Amino acid sequence: MQPLDPVFGLNEAFAADSNHALKLNLGVGAYRTEELQPYVLNVVKEAERRIVVERSDINKEYLPIDGLPEFRKAAAEVLWGREAWKDPRIAVIQSISGTGSLRLGAEFFTRFMPGKSIFISNPTWANHRNIFEDASMKVEEYRYWDPSSKSLDISGMLEDLRSAPEGSIILLHACAHNPTGVDPTPHQWRQVADIVRKNNLFPFFDIAYQGFVSGDLDKDAYVPRLFKDMDIELVAAQSFAKNLGLYSERIGTLQFFLADGETASRVQSQCKRIGRAIYSNPPAHGARVVAEVLGDEQLRHEWEREIKTMASRILEVRSALSKCLNDLAPDRDWGYITEQKGMFTYTGLTEKQVAYLRNHYHIYMMKSGRISMAGLPISKAEYLAKAILDVINNV
């Protein structure tokens, strides 16, 4: 028997916990309201209404292998900016959200860059290693997290990237690093880009949280756009699960920026061949929702406002938790809670401490000590703060 999945197994344990008054699920990376309810965006509801009620041309036929054309155009513009669709150097393939897009990219590298290692950050999202190892890729690590300062180990990261063999693939989190919430500064990203270009490395961006750092889609796409502006070939796995709340629709893309249009066309055709063998065709409904939202300026603006609302709530939760901890233990440094970005806070708690929180306080989080801030209501910030202090002092 395989062990339970780190995230979904945690959800099962949480659901089975009968202490409904106290229990908190801080594991899954999904946005929740202050009332801890899943949030269906208003623009999604309106797009679905239009698709069902107003669109007489909708049917259940297969999509093209590389996806719905109007969705692919919209997805490219979210990642690269308006008019990006006109750039022949960009290839866009609709895939099965972020995970499926990462796996499609892994299969591409296995076929066309055989023997090349992929370097992932230490730590990284738990599923990254599964995805690439299941595609028979050799997975290595570069340093990223400094536990003593609860911040980025930029010197270790740059040293490891300089040592990576030429042609290696480097997996980078475009924003809101999962699980640490620690992103390089613009200056540090340029240092990374310079090493990637000088050492002929191939960057693979995972961009699952665009909009959740700053509340601004364009600001959160700064890093892949920086690499593109430097004419560095790259690939990006893009997901609309978080920023449009389309978790169950499994909607995303694999996008390449390449040296010329002919190469992009060849890569597009090869990815279609790979996708055909894995899932044949991508699902239609989520793609139509995204295309409807982004194809209407009013809906797009409303979506941007809703993203800011979600990002702002997470910032408010960070501030509330930080204030509670500072009030309870002002002699300790809690600055990392508000300095980290996006959906997650990396607490540095040990597995033993995490287990104690679960058994004594009914607080569920990843074994790594990662907290999903979206799962914390402000009304329970003090409860969590007291629990964290207890385990730090006594476990």
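This is a predicted model: local features need pLDDT of at least 70, side-chain atom pairs count only at pLDDT 80 or more; totals for chains, interfaces and linings use all residues.

Author: Happy to! A word on names before we start: helices (H or I, at least four residues) and strands (E, at least two) are DSSP runs, numbered from the N terminus.

Reader: Thanks! Back to proline 179: what kind of peptide bond joins it to asparagine 178?

Author: That bond is cis, with omega about 25°. Another cis peptide bond runs from asparagine 122 to proline 123, with omega near 5°. Proline 123 sits in the loop between strand S3 (118-122) and H5.

Reader: And which residue has a positive phi although it is not a glycine?

Author: Serine 97 is one of them, with a phi of about 55°. Serine 97 is in helix H4. Asparagine 200 also has a positive phi of about 55° without being a glycine, and its place is the loop between H7 and S8.

Reader: Is serine 97 buried or exposed?

Author: Serine 97 counts as buried, because its relative accessibility is 1%. Buried means under 20% relative accessible area, exposed over 50%, and partly exposed in between (1.4 Å probe, protein chains only). Asparagine 200, at 46%, counts as partly exposed.

Reader: You mentioned H4 and H5. How do their axes cross?

Author: The axes of helix H4 (residues 97-112) and helix H5 (residues 126-134) come within 9 Å and cross at roughly 35°. Here axes are lines fitted to C-alpha atoms, for helices over the stretch in contact, and angles run from 0 to 180 degrees between N-to-C directions. From H4, the contact is made by Thr99, Leu102, Arg103 and Ala106. From H5, Asn127, His128, Ile131, Phe132 and Asp134 take part. Contact means heavy atoms within 4.5 Å.

Reader: How many of those contact residues are nonpolar?

Author: The count is 4 nonpolar, next to 3 polar and 2 charged. For this, Ala, Val, Leu, Ile, Met, Phe, Trp, Tyr, Cys and Pro count as nonpolar, Asp, Glu, Lys and Arg as charged, and the others, Gly among them, as polar.

Reader: New topic: how many aromatic pairs are there?

Author: The structure holds 15 aromatic pairs. Rings of Phe, Tyr and Trp (its six-membered ring) pair if their centres lie within 6.5 Å; planes under 30 degrees apart count as stacked, over 60 as edge-to-face and the rest as tilted. Phenylalanine 108 and phenylalanine 112 form a tilted pair, 5.0 Å centre to centre with 40° between the planes. Both lie in helix H4, 4 residues apart, about one turn of the helix. Phenylalanine 108 is buried at 9% relative accessible area, whereas phenylalanine 112 is partly exposed at 39%.

Reader: What about the rings of phenylalanine 205 and phenylalanine 227?

Author: Their centres are 5.0 Å apart and their planes stand at 90°, so the pair is edge-to-face. Phenylalanine 205 lies in strand S8 (residues 202-207) and phenylalanine 227 in helix H9 (residues 222-229), so this pair ties together parts 22 residues apart in sequence. Phenylalanine 205 is buried at 0% relative accessibility, and phenylalanine 227 is buried at 0% as well.

Reader: Last one: which residues touch the most other members in the largest nonpolar core?

Author: They are Phe71, Phe240, Leu244, Trp303 and Ile363, in a core of 65 residues. H12 gives the largest share of this core, 10 residues. A nonpolar core is a set of buried Ala, Val, Leu, Ile, Met, Phe, Trp, Tyr and Cys residues joined through side-chain atoms within 4.5 Å. Leaving aside neighbours within four places in sequence, leucine 244 is in contact with Leu41, Val43, Val44, Val290 and Trp303.

Note on methods: Residues are numbered from 1 along each chain as its sequence is written. Side-chain values use heavy atoms; hydrogens and water are left out.
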